[in-house]
Amino acid sequence: MSEVNTGPRVGGWTRFVTARPRLSLLVALVITALAVFAGSGVADRMGSGGWEDPDAESTYATKALEREFPASQPNLLLLVDSGRLSVDDPAVAAEAGRLSDRLMAEKGVTGVGSYWQTKAPALRAEDGREALIAARIEGDEKTAAEVLDRIAPEFRGAQGPVEVSVGGPIAVRHEMQSIIQEDLLRAELIALPVTLVLLVMVFGSAVAALLPLGLGIVAILGTNAVLRGITELTDVSVFAQNLTTALGLGLAVDYALFIVRRFREELAEGAEVRDAVGVTLRTAGRTVLFSALTVAVSLAAMLVFPQYFLRSFAYAGIAVVLLAAAAALILLPAALILLGHRVNALDLRRLLRRRRPSGAADRSTAAGASAEQGAGWGRTAALVMRRAPLFAFATTAGLVLLGLPFLGAQFGTADHRQLPSGAESRVVQENIRDGFPGSPSGGLEVFAETAATPAEYADYRSRISGLPGVLRVDGPVTSGEHAYFTVLAKGEAVGEDAQRVVREIRAEPAAFDTSVTGSAAVLVDSKDSIADRLPWAAAIIVVVTLLLVFLLTGSVLIPVQAVVLNALSLTAMFGAVVWVFQDGHLSGLLSFTATGDIETTLPVLMFCVAFGLSMDYGVFLLSRIKEEYDRGGDHEQAVAFGLRRTGGLITAAAVILAVVMVGIGTSRVTNTKMLGLGIALAVIMDAMVVRSLLVPAVMKLTGKATWWAPAPLRRFHERFGLSEGESKPAAEGHAEPPARDRDTVGV
């Protein structure tokens, strides 16, 4: 009955889409051209930070120190190398003074200080050959990046008797942003031709293979335009462009595979072109729309987090998913109407096959290969269901075992070690770490406000000096009613000891208001912020997934299975992230530096993206199983039928998406590498293990109870539910014979 209710609406949409196909494509071409113009330069307006909570105590303290004590928060460091001379040599000191004066005269630069001015030991290398000039570039990320672009070339390189290198937090972020842009271009140049080759192998026809690429390009360009508009309203992370490329290509391929395959099968059954498009939209089109909603919801869950790094992926993800679906449901049908039977033109697979006496023989060979492939998936389903307990236990145990390393996950912050080893800003930071007695931009800062007496300051300093894990306390440095202390903790700057010191300082009473910042404080606040909001994000994903899968299937059990199995499919990804990127296995092969921890926001991002993609494949499989179950009522036959019809499709889509994600994973920035390779692994595990083995095994074990729902929910589904299939139910005599394997054509 749900199909009867939804049929007229889809029919109206079909008439709207197919009425003027040339006009639809022309309008799309114009809009795409405008998107190219609107989205140009979007990367230059993006930021490379966003890991901190803007409402956290550490963020407040950082802004207050920037305002009241600019020199306390240097974000630009000039590493002055005197070569064979000592940094105390008069010629070196004179040149350093000129560099400081020039830097102080630059617009947008404040708080300039140097070893030669202060003689602070922390600003002089232990070997006496290097020293630092520290300063702060004012403004937000975009403004500071513009200032750095302007002044860095003037100071970098040989300056009289010294050699100057540019570093500091602002230089690290800026270099990271530049490398990400370069790597993204390279990833696109890798992914596009490889994707085209794979699509030709899947479709056979070069014409059909070009359609998904066209949809992907439209989705990517459109999303860039959307992100360009969002940058006018809020901060957007440059990392989000990687997701735009990956999902733009990946989902366009998914949706186009599903729609073009259905269209070609209808043509093969003798339907007219417009009728074939109509049936395709009423069946595969519904599933594509439903799938897009599930993916968009998973990505939208990141909006509950305050960090703009995570929110940026939600902006990009929602936009690219909806644009990919819109292109598949509007532009693709228009193109199929104009192409008609020519969608099968330029069959490049003929070059790899033996020559046959006639074209009919070629078609017979292709059909036979497709039927054999479909039969292969059918045999797989039969084997799995005959040994359902064994397959269910073995795959579940294997996935849990692969995820065990994640129990040892340690969370940290992104730093200069994300960059390749030869990056200038990383070299500067490592020289400071290894050769200087203390970090001029490290440690913890305690900002004090409201008036206090010297005795009260002294008492507070004495008490925090006595805390376990505190190495030294400097200060206070005062200005009016404000002051700050610098606290050096034992161990790593963001290690467990430093984090414990942050919490102890915050718990220490004082006669004035205090707030703590520094790398360890930012990490503590970020972890607390994510922990507070993670249940809300998970609840949104789970509740909406349960509802959408229920609307698709009408079952109470299948939505629960979908959530549990989707989560289980991600265990290998999370285990690999810890084993490879935290613990450093394969670091030489993959060319990155293991830091001993994982950036705090990255597991949240990877979960939302991978869970959404897993649901994408799950919807494709469940829609076919539900269609066959409604037709024949045989549970086991429906499961085998669904896997036979979609197994090749899901595998092909997963391999292509994995190729795109591996292209992203070739990045020289560790977090981007982790994102690309991790999601590629999750996609492959989901398609080849969960969908092919675990889902049919579990559905065999649950039997007909799989489709149970209480009477009120059944009535709700009959009224509001959605499913793939024709608008008339099988009881009216419009069902096709279940033995027909049309969906294997071309896959």
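By class, how many nonpolar, polar and charged residues does the lining of the largest cavity have? The lining has 5 nonpolar, 6 polar and 4 charged residues. The classes are simple: Ala, Val, Leu, Ile, Met, Phe, Trp, Tyr, Cys and Pro count as nonpolar, Asp, Glu, Lys and Arg as charged, and the others, Gly among them, as polar.

Some ground rules. This is a predicted model, where local features need pLDDT of at least 70 and side-chain atom pairs count only at pLDDT 80 or more, while totals for chains, interfaces and linings use all residues. Residues are numbered from 1 along each chain as its sequence is written, and side-chain values use heavy atoms, with hydrogens and water left out.

Back to the cavities. A cavity here is a set of points, on a 1 Å grid over the protein atoms alone, where a 1.4 Å probe fits but cannot get out, and lining residues have an atom within 4 Å of a point. Points are joined across faces, edges and corners, and the volume is the space filled by probe spheres set on them. Searching the whole structure gives 5 cavities of 30 Å³ or more.

The largest cavity holds about 90 Å³ of space. It has 15 lining residues, and the closest to its centre are Gln418, Thr595, Asp597, Thr670 and Asn671. Two elements give two or more residues to that lining, β11 (598-599) and α23 (670-702). The largest share, 3 residues, comes from α23. Helices (H or I, at least four residues) and strands (E, at least two) are DSSP runs, numbered from the N terminus.

The second largest cavity has about 70 Å³. Ile558, Gln561, Ala562, Leu565, Leu622, Arg691, Val695 and Met699 line it. Here α18 (557-569) and α23 are the elements that give two or more residues, and α18 supplies the largest share, 4 residues. By class this lining has 6 nonpolar, 1 polar and 1 charged residues.

Next, the sheet. Five strands form an open sheet in the order β2-β3-β1-β5-β4, with antiparallel pairing; two strands pair if DSSP finds at least two bridges between them. β2 (109-114) and β4 (157-159) stand at the edges with a single partner strand each, so one side of each is left without a neighbour in the sheet. From one strand to the next the twist averages 25°. Such angles run from 0 to 180 degrees between N-to-C directions, with axes fitted to C-alpha atoms, for helices over the stretch in contact.

Within the sheet, β1 (residues 76-81) and β5 (residues 162-167) pair over 5 bridges, and Leu79 stands opposite Ser165 in β5. Helix α4 (residues 90-105) lies across β1, β2, β3 (130-137), β4 and β5, at about 165° to β2. Helix α6 (residues 141-155) also touches β1, β2, β3, β4 and β5, and its direction makes about 150° with that of β3. Contact means heavy atoms within 4.5 Å.

Now the rings. There are 16 aromatic pairs, meaning rings of Phe, Tyr and Trp (its six-membered ring) with centres within 6.5 Å; planes under 30 degrees apart count as stacked, over 60 as edge-to-face and the rest as tilted. Phe239 and Phe309 have ring centres 5.5 Å apart and planes at 75°, so that pair is edge-to-face.

Last, the backbone. A cis peptide bond joins Gly475 and Pro476, with omega about 10°, and Pro476 sits in strand β8 (residues 470-479). Leu586, a residue other than glycine, has a positive phi near 70°.

Definitions and conventions: 1 Å grid on protein atoms, 1.4 Å probe; cavity = no way out; pocket = protein on both sides within 12 Å on 5 of 7 lines; lining within 4 Å.
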